[in-house]
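Please read these points with the structure open beside you.

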Amino acid sequence: MQLRNIVLSITALGLVGVASTASADTWRFGLEETEGSVQYGYAEEFKKLIEEKSDGDITVELLPYGSWGSSYSALYDAIQSGAIPLGFGSGFLGGTVPESQLMSLNYVMPNDQMETAEILNSDDFLKSDAWQDSFRERGLVPLGALPEGYQVWTTNKEVRTPEDMDNLQIRVMDNSLLRSTYEAYGASPITIAYGELYSALQQGQAEGNIQPVFAHENMGFYEVQDYMIFADQSQFIANFIGNEEWYDDLSDDQREMLDSTLDEMVQKGHDIQTQFNSERLETIKEKSDINIVHLDEEERDAFRKLAEPVRQTYVDMVGERGQKALDIVLDHVDQSEDKAE
């Protein structure tokens, strides 16, 4: 443990220099994705707003994937240590904050993606004791959520039923809940580093992949797969997180500026992901002959039934806090559906 801490300290210093403090002029913002991604587009808009509102007193430094290392755990460790005070954490964050795997549950969020953004950024959910304590126990604070679009399957064969997914070696993030979900579908989930995924698909080491549309296009995954399948099973959701000590040490003015910016970013983030995914899908269609498949309601129901028991798997894994956070989301979804009727 002592050796690990020494290595992490050296790594953090080597990657980003001296750790930021609440009074520093530079807010370092670590991204899980590369330039040209939804996270990067969001971060650019966030940077613009913060620098404008602070009259230039604060500079937001964007650190895309690769600039802080190649392991997502290195990014999360840097946020926990304060070396990088702000960042995104998605599926891989489950190893650091197990409760965050709530975002990976299939067929839970509403179909309307803006409603998902509103629910996950609402005070009822985001500032609930269950959600806040889950992160603060690990030296982090949840600041917001960025839904990045529906997760889409790419495969080398047509998948319309769970039987079609039988033993399919589909790549998932290193997230035990995702593995449980795809095992429930009948697949054989495997984990491959993001930077190695293209070659793994090309060489047949993986037979399928799960990404939002923009990532399939941005990383060229569609070039080495035959089918793109829309099952509307889940949206890719990134948690916007901060270092707990850094956040608590912000001045009242800084926190008010940050909170108001995060409020603005709910709609802006939705607009960014909508534009990115729409444009990238057109690019994929123009540049390839990949087969686009949209599952109908009956076909989705077959997967939905298999996914529902995984909710209890999630609760069994993470405990009471996870149950409370899930209940808040489900209550909001039910209210949204009641209004729509």
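**Notes on the model**

1. The lining of the second largest pocket has seven nonpolar, three polar and five charged residues. Here Ala, Val, Leu, Ile, Met, Phe, Trp, Tyr, Cys and Pro count as nonpolar, Asp, Glu, Lys and Arg as charged, and the others, Gly among them, as polar. This pocket holds about 260 Å³ of space. It is lined by 15 residues, and the closest to its centre are Leu126, Lys127, Leu143, Asp259 and Leu262. Two or more lining residues come from each of α5 (123-126), α6 (129-136), β4 (140-155) and α11 (252-287).

2. The model is predicted: local features need pLDDT of at least 70, side-chain atom pairs count only at pLDDT 80 or more, and totals for chains, interfaces and linings use all residues. Residues are numbered from 1 along each chain as its sequence is written, and side-chain values use heavy atoms, with hydrogens and water left out.

3. On the terms for spaces: on a 1 Å grid over the protein atoms alone, a cavity is a set of points where a 1.4 Å probe fits but cannot get out, and a pocket is an open set with protein on both sides within 12 Å along at least five of seven lines; lining residues have an atom within 4 Å of a point. Grid points are joined across faces, edges and corners, and a volume is the space filled by probe spheres set on the points.

4. The protein has 14 helices and nine strands, where helices (H or I, at least four residues) and strands (E, at least two) are DSSP runs numbered from the N terminus. Its radius of gyration is 20 Å, close to the 20 Å that the globule rule gives for 341 residues, so the protein is as compact as a globular protein of that length. The radius is taken over C-alpha atoms, and the rule is 2.2 Å times the number of residues to the power 0.38. The C-alpha trace spans about 55 × 45 × 40 Å along its principal axes.

5. The largest pocket has a volume of about 360 Å³. Of its 23 lining residues, Val108, Met109, Pro110, Asn111 and Glu337 are the closest to the centre. Helix α14 (residues 320-340) gives the largest share of the lining, six residues. By class, the lining has nine nonpolar, six polar and eight charged residues.

6. Five cavities of 30 Å³ or more are found in the whole structure. The largest cavity has a volume of about 140 Å³. Among the 15 residues that line it, Tyr72, Met173, Tyr194, Gln211 and Phe236 are the closest to its centre. Both β6 (208-212) and α9 (213-218) give two or more residues to this lining, and the largest share, three residues, comes from β6. The lining of the largest cavity has nine nonpolar, three polar and three charged residues.

7. The axes of helix α2 (residues 38-53) and α11 come within 9 Å and cross at roughly 145°. Axes are lines fitted to C-alpha atoms, for helices over the stretch in contact, with angles from 0 to 180 degrees between N-to-C directions. The contact (heavy atoms within 4.5 Å) includes Tyr42 and Phe46 of α2, and Leu262 and Phe276 of α11. It has eleven nonpolar, five polar and four charged residues.

8. Where do the positive phi values of Asn167 and Asp232 fall? Asn167, with phi near 65°, lies in the loop between β4 and β5 (170-171). Asp232, with phi near 50°, is in the loop between β7 (227-230) and β8 (235-243).
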